[in-house]
Amino acid sequence: MFTQYDPEAGALASELRDQFDSFAAGDWDTEKLKSHQTQRLREVVAYVRARSPFYQEKLAALADDEISTLSIDDLRGLPFTTKEDLRKAQFDILSLPVSRAWVFYETTGTTGAATPCPRTNSDSIHNNTVLTAYYRDILAPYGDRQVIGVAGPTELHATGDTFGDVCRNLGHGIAKMWPRSPMVGFERALGVMRLLPVTGLFCTPGMAMNLAQEAVDAGFDLKRDFSLDVLMLTGELMSPSLLRNIGELWGAEARNCLYASQEASVLAAASADGSLRTAPLINYYEVIEPEGTEPVAPDADGVRCGELVVTNLYPGAKPLVRYRTGDMVRMTDPGSEAAVPAPALEAVGRVHDRLRLNGHLVSGYDLEDLLLRRFRGYLNYQITVDREGLGRDTLSLTLETGPDGGHADAVEEAVEDCHWELDTALTVKSGSVGLIASTGAMVSWKAARVVDLRAQSSIENTSAERIAAARAR
């Protein structure tokens with residue numbers, strides 16, 4: 001309704017809806033997309049240099065005539081923006097005062113100082129249009145009048161508002177809940193899920209498993225006593241193996257629904273073909289060497305693997321130019337049969353969180369996918385990395401047994417997989433993973449399930465270890 005009082009926002013929403021429908025239908029060729037991105041790039045660079053104290057200094061050497069002729073091909077000549085820049089700049093990164101935004105969010109601060117993330121109507125309309133366009137075909141098979149639960153990390157996070165708005169666009173009712181809140185709690189959240197009933201749920205993989213554990217402990221049958229058709233999961237690393245397990249637990253379709261950050265907003269979203277697809281109408285993407293600055297060339301399969309750099313192509317409270325996300329990704333250009341003509345993207349972990357195991361460098365995503373490949377029906381898990389006396393790295397996997405029993409039948413195959421792919425010994429046991437995989441209400445958005453016990457001098461530390469150490473202090 002707010003668009004009735006803001007005709008400019010209403011016109012923008014209509015324009016973007018038509019653009020995304022046209023793009024998804026395959027009506028944009030390479031030249032049209034490049035022209036669109038080039039024009040938006042010029043507008044955004046001029047916008048931030050004129051309005052953001054941070055970018056006024058960062059882009060001071062860029063002349064007006066250079067901005068007016070800037071092309072996508074020239075982007076490499078602009079400086080990067082880093083997470084440390086955001087932490088230091090704080091409100092100076094903004095291109096508008098907070099009073100011009102409709103809502104204020106901030107990052108959770110799990111990996112450093114929290115940073116401000118206000119949203120204008122333009123910010124929300126650009127990003128929510130992407131999600132609405134992509135989710136329409138995913139949710140349509142389950143009916144046009146669903147009740148969707150949204151479980152977010154904190155009230156200062158965009159999750160509830162974003163997914164709520166998208167579901168409203170698609171005609172679905174929503175129930176916002178935060179089970180870790182003392183005003184809600186797991187018992188009440190599960191009661192609401194059964195009563196309404198909730199047919200879809202946006203949450204993290206950790207929350208999906210925590211809810212399952214609480215329900216099982218309360219004597220419920222997940223498939224009989226709940227009505228979930230689809231789980232839309234985000235907020236943590238999410239391998240195909242973990243997704244399949246969560247879907248099997250609940251008897252529902254489980255999807256990795258989103259790759260985004262509080263500071264950079266929506267970067268990729270689930271599409272009907274099962275992949276995460278980028279949003280090239282509102283962002284420009286680069287994949288660079290994680291320890292350098294040069295672009296990564298695609299491999300023989302057309303996949304670029306490296307650190308993601310993103311430039312927002314729309315004005316708002318905080319557009320970012322050449323933002324080094326710190327995330328390792330695999331990005332694949334769409335084939336001719338792609339449901340959405342946008343590159344597919346897999347986020348495989350933080351650049352500095354990769355593990356070296358007996359000479360093999362592996363991401364948390366790939367490690368999780370490998371170790372969990374053979375198991376189904378567990379309610380939680382924890383991976384521990386250690387080093388034995390002879391200097392060999394070892395892995396241990398702890399699985400919390402679900403309602404369908406143990407996992408002994410799959411252990412031998414899992415051990416063989418690990419030895420074959422990583423030349424590393426694996427032990428598997430059943431038991432409780434304890435608090436370390438549920439890091440508390442304020443940081444439960446990024447549960448720490450990989451714990452590295454090796455000496456810091458010989459490894460690339462995992463974020464899980466850092467979070468666990470901070471909690472112990």
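Which residues does Y259 touch, not counting residues up to four places away in sequence? In this predicted model, Y259 touches V266, L267, A268, L276, L308, T325, D327, V329, L345 and A347. Y259 also belongs to the largest nonpolar core, which has 68 residues. Together with Y135 and F202, Y259 is among the residues with the most contacts inside that core. Helix α7, residues 121–139, gives the most to this core, contributing 7 residues. A second, separate core holds 50 residues, including C203, L367, A410 and A414.

Strand β6 spans residues 258–261 and pairs with β7 in the antiparallel sense. The pairing runs over 4 bridges. Within it, S261 has S265 of β7 as its bridge partner. The two strands, β6 and β7, form a hairpin with 3 residues between them.

On to the next pairing of β7. Strand β8, residues 276–278, runs antiparallel to β7 and is joined to it by 3 bridges. The hairpin of β7 and β8 has 5 residues between the strands. In this hairpin, G274 takes a positive phi near 95 degrees.

Strand β15 (residues 380–387) pairs with strand β16 (residues 393–400) in the antiparallel sense over 8 bridges. T384 has S396 in β16 as its bridge partner.

Helix packing was examined for α12 and α13. Helix α12 comprises residues 240–250, and helix α13 comprises residues 364–372. Their axes lie 7 Å apart, and the helices pack at an angle of about 50 degrees. The two helices are therefore oblique to each other. From α12, the residues P240, S241 and L242 meet Y365, E368, D369 and L372 of α13. The residues of this contact divide into 4 nonpolar, 1 polar and 2 charged.

Terms used:
Residues numbered from 1 in each chain as written. Predicted model: local features only at pLDDT ≥ 70, side-chain atom pairs only at ≥ 80, totals over all residues. Heavy atoms only, no water. Axes fitted to C-alpha atoms, helices over the stretch in contact; angles between N-to-C directions. Parallel < 35°, antiparallel > 145°, perpendicular 65-115°, else oblique. Contact = heavy atoms within 4.5 Å. Nonpolar A, V, L, I, M, F, W, Y, C, P; charged D, E, K, R; others polar. Core = buried A, V, L, I, M, F, W, Y, C linked by side-chain atoms within 4.5 Å. Buried < 20%, exposed > 50% of the residue type's maximum accessible area, 1.4 Å probe, protein only. Pairing = 2+ DSSP bridges.
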